[in-house]
Amino acid sequence: MAVIETVIEIPLEHEKNIFGSFDENIKKIEKGLNVTMVVRDGYLKLIGRDGDVKQAEEILQQLLKLSQRGNTITEQNVNYLLAAAFEHETTDLAAIDSEVVCHTIQGKPIKPKTAGQKTYVELIRKKMIVFGIGPAGTGKTYLAMAMAIEAFKKDEVEKIILTRPAIEAGEKLGFLPGDLQSKVDPYLRPLYDALYQIMGADSYLRNVEKGLIEVAPLAYMRGRTLDHSFIILDEAQNTTPAQMKMFLTRIGFGSKVIITGDLTQKDLPSGNRSGLEQALEVLEKIEDIGFSYMTNRDVVRHPLVQQIVTAYDQYEKKAERKKQVSAAKKNQMPQSGGRGKDKHGRQIKEDK
């Protein structure tokens, strides 16, 4: 394929934001797409193979649109666009960025950052029950919390209920200091952190005192009917089938429910099936229930987290393939004991 050149204009006021510190964003695009970039007086010359240059130009135009909307370009933005380019997918980050869920107490807008997150937010708006499934760092819980707080502020619901199963991940509740609430608080800490950031500690505490916001372990949900509430069940991969059924049958009129989980990080005892896994099979054909599946491309934490998630995913797939090959070989091995079988497959009797 012939080498081509093309020139695009990058306004000087957006150059530093798009190029990144020490031109790290440009270097990443150059390396990822095997193109060369030369900067001169607000213009950027792209040199490389036709397809690579076109992909690099599209990424730069996307970054320019983001910058023009007032966003600080991050490494995650660049990685996301590169991943889409590698898979020959088109994505419009500016359109994704236009979806504002709410604002934090400091006024920072909370928005989806990937196509998977945008689909997740749209499902929450449309469906009564939504399952958000994906690896760590995809914003499942944080976006659900933002949607809950926004609905609460608009008086669309009367209260917010946040819950998690208090399953020990190697630690035992009985050895933790304090009363029962103190023991379960560490399991609910990520929910508190999101509430403080979006609502502010003072607003959160006032609403807790009024009983309008409730953060509690899943066991506290038994025997209740939850009407006109925005309910979030976090870490649902750690529920048992009985717990999941109990939770789903608590839902009352005027409520919205978000269930989040990562099926690769179960803390249940070995051999126990996750209630989340079962629910996905049982409920998949119910129209009013939405299912949003996010991948490692939707990870919006530090880029290293995305690499870790990908590495573990590849490792687990490789281990599963080895397990299947080993099982297949075992099934092909001849049965031991006795005198074997004759040519008709009948067991040969031993002489007495």
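Helices (H or I, at least four residues) and strands (E, at least two) are DSSP runs, numbered from the N terminus. Residues are numbered from 1 along each chain as its sequence is written, and side-chain values use heavy atoms, leaving out hydrogens and water. This is a predicted model, where local features need pLDDT of at least 70, side-chain atom pairs count only at pLDDT 80 or more, and totals for chains, interfaces and linings use all residues.

**Confidence**

pLDDT is the predictor's confidence in each residue, from 0 to 100. The protein chain has a mean pLDDT of 85. In that chain, 87% of residues reach 70 or more. Among its elements, strand β6 (residues 129–133) has the highest mean pLDDT, 96. Helix α8 (residues 180–199) has the lowest, 74. Where pLDDT is low, the predicted coordinates should not be read in detail.

Helix α1 spans residues 12–19, and its buried residues are His-14, Glu-15, Ile-18 and Phe-19. These cover an arc of only 125° around the axis, which puts them on the same side of α1. The arc is taken from the directions from the helix axis to the C-beta atoms. Glu-13 and Lys-16 are exposed on the other side of α1.

What covers the buried residues? The cover includes α2 (24–33), β2 (36–40), β3 (43–49) and α3 (50–68). Contact here means heavy atoms within 4.5 Å.

Gly-20 follows α1 and has a positive phi, near 85°. Phe-22 is in the loop between α1 and α2. Its phi is also positive, about 55°, although Phe-22 is not a glycine. Phe-22 is exposed, at 74% relative accessible area.

His-88 sits in the loop between α4 (75–86) and α5 (93–97). It is not a glycine, yet its phi is positive, about 55°. His-88 is exposed, with a relative accessible area of 69%.

**The three-stranded sheet**

Three strands form an open, antiparallel sheet in the order β1-β3-β2. The edge strands are β1 (3–9) and β2, and each pairs on one side only. Neighbouring strands are turned by 20° against each other on average, direction ignored. Those angles use axes fitted to C-alpha atoms, for helices over the stretch in contact, and run from 0 to 180 degrees between N-to-C directions. Two strands pair if DSSP finds at least two bridges between them. β2 and β3 pair over five bridges. Val-38 stands opposite Lys-45 in β3.

**Salt bridges**

A salt bridge is a side-chain nitrogen of Lys or Arg within 4 Å of a carboxyl oxygen of Asp or Glu. The structure holds 17 of them.

| Pair | N to O distance |
|---|---|
| Lys-54 and Asp-50 | 3.6 Å |
| Glu-99 and Arg-125 | 2.7 Å |
| Lys-266 and Glu-277 | 3.2 Å |

Lys-54 and Asp-50 both lie in helix α3, four residues apart, about one turn of the helix. Lys-54 is exposed at 53% relative accessibility, whereas Asp-50 is partly exposed at 27%.

Glu-99 forms a salt bridge with Arg-125. Glu-99 lies in the loop between α5 and β4 (102–103) and Arg-125 in helix α6 (residues 115–126), so the pair ties together parts that are 26 residues apart in sequence. Glu-99 is buried at 16%. Arg-125 is partly exposed at 44%.

Terms used
Buried < 20%, exposed > 50% of the residue type's maximum accessible area, 1.4 Å probe, protein only.
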